[in-house]
Amino acid sequence: MSELRITDIKTYIVPMFPAEEGKFNKNKPFLFVKLETNKGIYGWGEAYTLPNRERSIQMHIEELKTQLIDYDPSRIKNFQHWAYNHFGEKRVGIDLYCAISGIEMAMWDIMGKYFNTPVYNLLGGLVRDKIRVYANISSGFKTLDDEIYRARDMVDQGFTAIKIYPFLYGLDEDGIVERVAKVREALGYDVDLLVDVWRTENPRLALNVAKRIEQYRIYWYEEPIAPDNYDVAAEIRSKTSLPIVAGECICGKRGFNDVIRKNAAEILNANVGVAGGILELKEIAAMAEANYVKVCPHNCSSPTVSTNATIHAVATIPNFYILETFPSYREMGAKLSSNMLPIENGYIRVPDTPGLGIEMNEDFTMRAPTPTRRCPPSKPGVST
């Protein structure tokens, strides 16, 4: 591959349109990465972003670019090893990992196009040709009836699994349990119901709720606490029959190694745009498979590049079960890409086109206005 070289790396920050009432976007921008080569082949990647952090991730990409001009994009594993051990000096935080992930995806896109084959063929070939997805309907509903209406709408659209956030409404333990019960009653038991705790600071509350909602056949119980104490997470897991999920905040296989060793989760929801890219996600999944742990990636990114990258990865992962999608992002996705993958009856078919199989509307991304600064959910202050 010595004749193929990176000649430029471009980044595009695209702000999300304002959310309609009852729809979720967190004022979250998307950050796309385009790698160009001396052979005219280009690749698209996407770095996961957090609100108000997209520019710091973009700056990491710009610094990595200075080292990657004239680099051979086929040397993906070498790039990952260098970025962690040398560029990051083994002190790699989430913003740098997101930058690495975006560049790494684009390298895979280039290589698939170079060999005129889908990326999954470069990863070992298909284990499955369609991917089951669930609808994240998020939080922020004014009433429970609004949330139930949204959930039923997703079922009407063909989704067979729905995720909710009952802890984010300021309710006490009884209120949280009642909210879960009412959603389950409204949806019936033919739909899988996923509960996202979203990292409470009260492990006892998380455990008590988990025990009380076991009767409602919950598909999984996501991130009961932050990933800063795997011993506590393991204790919660040992005291409930609900499958515990962890991983969306974790970078790289070393972080996931700790989760697995502590037996802290039955399911890992690594994000391809956070964990280090497609190859890193594959290696995390291999570690998990050897320890009887499932992989169900987090996917709070665009329904274009990042989703396609995840689709190619999980199509080759035996211990994959289900993938996150945000239906409220898809209107924006249709503007970003001319061939966003359709969702049919709760599944996405794996594309058979070269590379990641995504065509981006670069004119649209270039015209997108610079995101305005946004206030965080709460400003620093005195706790009461």
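At what angle do helix H3 and helix H10 pack, and how far apart are their axes? Helix H3 (residues 94–114) and helix H10 (residues 278–289) pack at an angle of about 100°, and their axes are 8 Å apart. Axes here are lines fitted to C-alpha atoms, for helices over the stretch in contact, and angles run from 0 to 180 degrees between N-to-C directions. H3 and H10 are therefore roughly perpendicular, the term for angles of 65 to 115 degrees (under 35 is roughly parallel, over 145 roughly antiparallel, the rest oblique). Helices (H or I, at least four residues) and strands (E, at least two) are DSSP runs, numbered from the N terminus.

This is a predicted model: local features need pLDDT of at least 70, side-chain atom pairs count only at pLDDT 80 or more, and totals for chains, interfaces and linings use all residues. Residues are numbered from 1 along each chain as its sequence is written, and side-chain values use heavy atoms, with hydrogens and water left out.

Back to the crossing. On the H3 side, Glu 104, Met 105 and Trp 108 meet Ile 278, Leu 279 and Glu 280 of H10. Contact means heavy atoms within 4.5 Å. The residues of this contact divide into four nonpolar, no polar and two charged. Ala, Val, Leu, Ile, Met, Phe, Trp, Tyr, Cys and Pro count as nonpolar, Asp, Glu, Lys and Arg as charged, and the others, Gly among them, as polar.

Buried means under 20% relative accessible area, exposed over 50%, partly exposed in between (1.4 Å probe, protein chains only). Asn 263 follows H9, with a positive phi near 60°.

H8 turns up again at helix H7 (residues 203–213). There Leu 205, Ala 206, Leu 207, Val 209, Ala 210 and Ile 213 are buried. Their cover includes helix H6 (173–187), strand S6 (192–196), strand S7 (218–222) and H8. The loop between S7 and H8 holds Glu 223. Glu 223 has a positive phi of about 45° although it is not a glycine. Glu 223 is buried, at 2% relative accessible area.

Now the aromatic rings. Rings of Phe, Tyr and Trp (its six-membered ring) pair if their centres lie within 6.5 Å; planes under 30 degrees apart count as stacked, over 60 as edge-to-face and the rest as tilted. The count comes to 10 aromatic pairs. Tyr 12 and Trp 44 have ring centres 5.9 Å apart and planes at 40°, so the pair is tilted. Tyr 12 sits in strand S1 (residues 6–14) and Trp 44 in strand S3 (residues 42–47), 32 residues apart. Phe 326 and Tyr 329 have centres 4.8 Å apart and planes at 15°, so that pair is stacked. Both are buried. Phe 30, Phe 32, Phe 326 and Tyr 329 form one aromatic cluster.

Last, a proline. Pro 118 lies in the loop between H3 and helix H4 (119–122). Pro 118 and Pro 354 are 236 residues apart in sequence and 4.2 Å apart in space, C-alpha to C-alpha.
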